[in-house]
Amino acid sequence: MAKLDLRVRLVGRVLARTSVARKSEEQILSDQQRTIKHNPVLDWVLGGVASGVKLKDDTAAGAEGRIPVRVYRPKDAVGPLPLVVLIHGGGWTVGNLDIYDSLASTIARDARAVVVSLEYRLAPTHPWPAAAEDCYAALLEVAARADEWEADAGRLAVVGDSAGGNLAAVLTLMSRDRSGPAIAFQGLIYPATDMTLGSPSIEENANAPILTKEDVLRYGSLYVPNLEDRSNPYASPLLALDHTGLPPALIQVAEHDPIRDDGLRYADALRKAGVPVRVTTYVGMPHGYLAFPRLCRSAPQALAELCVELRRQLTPATVR
């Protein structure tokens with residue numbers, strides 16, 4: 001494997017001090033109550049809001065009540081744009097709209113799309129399938145309200161990273177199994193697709209920076225505490241008996257990632273079902289690299305690849 005950059009190793013050392021594997025449930029719940037707002041340091045690390053994009057806070061249906069959403073649209077856009085539903089990562093236990101402003105706004109600007117970012121209920125208070133059902137309920141309403149945001153629900157994509165990649169993949173299964181809405185494309189960024197932990201990379205990269213095997217085990221126990229539930233395809237989309245009829249996919253994985261093979265194995269499963277898939281392994285990168293665009297050298301390239309693929313997949317054939 002390619003050598004890790006010094007900057008990546010340093011980020012890993014800093015984040016190791018706050019590893020979820022070392023936290024009690026009480027500490028995790030306390031962390032969820034903290035509000036992380038924009039500031040110069042956070043914006044330098046995470047990227048901040050992309051220029052030329054307007055934001056609007058709103059709500060959408062969850063499975064058991066309204067959930068926060070944030071809508072992003074290029075300021076200079078005219079007419080209906082493709083609709084992208086973005087689902088944040090964080091091991092199903094952390095994450096919020098502010099932290100994902102950079103990713104969401106950059107996709108809106110560079111993919112020329114309306115992006116709706118979701119804030120679902122978090123484990124351990126709300127274990128599986130709360131997050132998945134929240135995201136599906138929100139997807140239904142967001143698609144139905146597309147006209148309100150000058151978006152085209154006929155050009156609908158789902159995008160997510162890590163736990164969000166898991167949920168994005170699950171949404172494609174739910175939408176297929178529950179007769180809609182139709183999803184045209186899925187962008188899965190280092191997704192978790194096998195909650196039964198069947199990927200060899202978990203051992204190969206057990207001590208990787210940013211995400212370790214211990215972290216993977218802890219996140220899994222918090223989100224899907226019942227071992228029998230982990231084989232359910234709405235928890236582990238890789239384990240679905242049938243992957244036919246799912247939308248084309250871009251799957252981006254990191255070489256130094258315990259769940260790297262979750263993404264690679266899912267790509268193989270989609271291909272076997274006849275689903276078009278593009279896979280990119282970013283060498284020398286750890287899990288979560290896209291969250292640090294100024295510290296991880298491959299982050300800008302990966303984000304550009306995602307935006308190009310979104311534009312290609314969501315542009316009507318008549319104007320290509």
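Helix α3 gives the largest share of the lining of the largest cavity, namely three residues. Helices (H or I, at least four residues) and strands (E, at least two) are DSSP runs, numbered from the N terminus. The model is predicted, and local features need pLDDT of at least 70, side-chain atom pairs count only at pLDDT 80 or more, and totals for chains, interfaces and linings use all residues. Residues are numbered from 1 along each chain as its sequence is written, and side-chain values use heavy atoms, with hydrogens and water left out.

**The cavity**

One cavity of 30 Å³ or more is found in a search of the whole structure. A cavity is a set of points, on a 1 Å grid over the protein atoms alone, where a 1.4 Å probe fits but cannot get out; lining residues have an atom within 4 Å of a point. The largest cavity holds about 40 Å³ of space, a volume being the space filled by probe spheres set on the points. Two or more lining residues come from each of α3 (40-46) and α4 (101-110). The lining is formed by His38, Leu42, Asp43, Leu46, Gly48, Asp98, Ile99, Asp101 and Ser102. By class, these residues divide into three nonpolar, three polar and three charged. Here Ala, Val, Leu, Ile, Met, Phe, Trp, Tyr, Cys and Pro count as nonpolar, Asp, Glu, Lys and Arg as charged, and the others, Gly among them, as polar.

**Aromatic rings**

Rings of Phe, Tyr and Trp (its six-membered ring) pair if their centres lie within 6.5 Å; planes under 30 degrees apart count as stacked, over 60 as edge-to-face and the rest as tilted.

| Pair | Centre to centre | Angle between planes | Class |
|---|---|---|---|
| Tyr190 and Tyr289 | 5.2 Å | 65° | edge-to-face |
| Tyr282 and Tyr289 | 5.6 Å | 45° | tilted |

Tyr190 lies in the loop between β6 (185-189) and α7 (201-204), and Tyr289 in the loop between β8 (277-286) and α10 (299-314), so their pair ties together parts that are 99 residues apart in sequence. Ring pairs link Tyr190, Tyr282 and Tyr289 into a cluster. Tyr190 is buried (under 20% relative accessible area, with a 1.4 Å probe and protein chains only), at 1% relative accessibility. Tyr289 is buried at 0%, and Tyr282 is buried at 4%.

Elsewhere, Arg178 lies over the face of Tyr136, 4.9 Å from the ring centre. A charge sits over a ring if NZ of Lys or CZ of Arg is within 6 Å of the ring centre and within 35 degrees of the ring normal.

Notes. On a 1 Å grid over the protein atoms alone, a cavity is a set of points where a 1.4 Å probe fits but cannot get out, and a pocket is an open set with protein on both sides within 12 Å along at least five of seven lines; lining residues have an atom within 4 Å of a point. Buried means under 20% relative accessible area, exposed over 50%, partly exposed in between (1.4 Å probe, protein chains only).
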